[in-house]
Amino acid sequence: MNSICRAGAAALAAALCFSGAGEALAADPQLCAVCHGPEGNSIIPANPSLAAQPEQSISIQLFQFREGNRKDAQMTPMAANLSNKEMNELAAYFSKQKAAAPSHKTSPENVVAGAKLAQQFNCAQCHGPVLRGQQHIPRLAGQQYEYLLAQLRKFKAQKRADLDGNMTSAAQPLSDRDIEILVDYAAGLSPQ
Amino acid sequence: MSSIPFRSFVPLVSLVVGALSAASALAQAPAAPPPSWQQGRSAEQANSPLHPFAPHMTGRASKDLPVDKLKLPPGFKVEVWAEGVPEARSLALGDKGTVFVSNRIAKSVYAVVDKGGTREVKTLLKGLNTPNGVVFSKGTLYVAERDRITRYDGIEGSLDNAPAAKVVIDGLDPQNQAGHFWKFLALGPDGKLYYNVGAPGNIVMPSYFQAAISRVDPKTGIAEEYVQGVRNSVGFDWHPQTRQLWFTEHGRDWLGDDSPSDELNVAKTKGQHFGYPYCHQGDTLDPEFGKGRDCKAYTPPVLKLGAHVAPLGMRFYTGKMFPAEYRNNIFIARHGSWNRSTKQGYDIYRVALNENGKVIKSGPFLTGFLTDEKADPPMWGRPVDVLQMKDGSLLFSDDYNGILYRISYAKK
């Protein structure tokens, strides 16, 4: 636990450790909630919501962080000491939480334009018709706007770890404007 | 990084897109290039909900899975042999009983050590690039990565501190190819290492040593193409008597639920061509690449294994534990279909041959992973490779759950 607190580095996580809550298990979802919000509904724009994400999509991302395939200053140390079993438990927990209504509101002109781009650029093919995700593919509907924007830009720049290469290839034809429209659209969709 | 698979074609796409993006983003732009697995899909299939499945990289506990629903012929039984082996794929057996396990995504090779009733899973090698192929011979572990084949000598004596890799051959992926870039590896009776280089997409024209099975002499590092026209083979073995190379091959996708069939092939001589991309299953010309071709020019399969069943690892059974009729049979791990509206496969398949090496019968041997052929996902496990153990029992891997199972036989 100490190593997680030390390595966690994130100010919020550190606060939790010093307050004595650091005795919690490594796989305690409350530790995740510090950054990912109550029940995994993020209130920090740069951090993704985990609530109601497909179970396999959460466990795979934790695996990617632990194995060093996906890197993040805060998440890498948080995942470093988690066992497969703990990752599965966290994934199961957050997948069963109810997703909060999105804080983002799609601008009116992008409601139709975003849906059209989601078809044209194959988003809906894998993420589902209303982008709620399935199996290893994450829910985009109602996800934090800033987080989605950052990820899609990283995929386009070929700097975001990708299980099978599909997202990197899917992001290549997107213009900056396409990305903004798609993210504005997805972040405002109902998550459940 | 996993973005590598697509690097080769990305610049081309970027150029096109650069030109397009000058126009309004919302203009009637042509549809974006699809992800690799959608390549070759017809306009009518554009809204198909079919998609590949991904393994549970963190594995799933066998106690949460319906292992008791797996079915075998009378007298056989199956049990979980080891679990917690991320994305378990190809298998190799060490002289001292170590089972080496590969994968495509996890970047590690795992060693499973039998401690008499319990098994310990060790992370043996780390930081590899798609280490799908593993072979053990005379104390040495050979690993086929995406772009090279390496050797680790005296490996079973240093499972906690593996020696540095020595390169047998590298430069196997000069184009950073998309599509089928993982490699299967097997040691031939000629002492050479055989490996596949798959086609760089679903249905595309391969370039030089792609869509082929090649071999390299581990003593000299000199390689040559052995047979060609092989879309992707992720399993091969040599007949114990004829010493001919038998291999499984995946047919192309998006040509319908029942076409083409995946294949079991025999290579009799160097230089044979097995049809891809011109002719599928020995008798069906490709709608695009087959124009002006004749299937007679290519070697047909000895057995059609079913459309989209995804046959992977295969081995001849030479053990004494199973009944005599199983001797020199082939066991094939069929990973199961995704590119089919009604799913099939997800089993261990048995092929029986006569004394002349001709197929006399075939059918599923172990079933039960497929629970609902219309569901998404339709299965709870996916066999990848088979491995005969010293006692004649048969191990097989399941990458979906990270589990190794053992099949044994006892006379009633």
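Begin by selecting helix H7 of chain A: what covers its buried residues includes helix H8 (123-127) and helix H11 (176-187) of chain A. Helices here are DSSP runs of H or I with at least four residues, strands are runs of E with at least two, and both are numbered from the N terminus. A residue counts as buried if 20 or more other C-beta atoms, placed from the backbone, lie within 10 Å of its own; it is exposed at 12 or fewer and partly exposed in between.

This is a predicted model, in which local features need pLDDT of at least 70 and side-chain atom pairs count only at pLDDT 80 or more, while totals for chains, interfaces and linings use all residues. Residues are numbered from 1 along each chain as its sequence is written, and chains are lettered from A and ligands numbered from 1 in the order in which they are written.

**Helix H7 of chain A**

Within H7(A), highlight the buried residues Asn110(A), Gly114(A), Ala115(A), Leu117(A) and Ala118(A). The helix covers residues 108-120, and its 13 residues should span 18 Å at 1.5 Å a residue; the end C-alpha atoms are 19 Å apart, which agrees. The expected span is 1.5 Å times one less than the number of residues. After the helix, select Asn122(A), whose phi is positive, near 70 degrees.

**Ser49 of chain A**

Next, select Ser49(A), in the loop between helix H3 (29-36) and helix H4 (55-66) of chain A. Is Ser49(A) buried or exposed? Ser49(A) is buried, because 26 other C-beta atoms lie within 10 Å. Leaving aside neighbours within four places in sequence, its contacts include His36(A), Ala99(A) and Gln143(A); contact means that C-beta atoms, placed from the backbone, lie within 7 Å.

**Strand S16 of chain B**

Turn to strand S16 (residues 261-267) of chain B: 6 of its 7 residues are buried, so the strand is largely enclosed by the rest of the structure. Strand S15 (residues 245-249) of chain B runs antiparallel to S16(B), joined by 5 bridges. Strands pair if DSSP finds at least two bridges between them. Select Phe247(B) to find it opposite Asn265(B) in S16(B). S16(B) also pairs with strand S19 (residues 303-307) of chain B, antiparallel, over 4 bridges; there Asp262(B) has Gly306(B) as bridge partner.

**An open sheet in chain B**

Finally, display the open sheet of 4 strands in the order S1-S26-S25-S24 (chain B), with antiparallel pairing. Strand S1 (76-83) and strand S24 (383-388) of chain B stand at the edges, each with a single partner strand, so one side of each is left without a neighbour in the sheet.

Technical notes. Contact = placed C-beta atoms within 7 Å.
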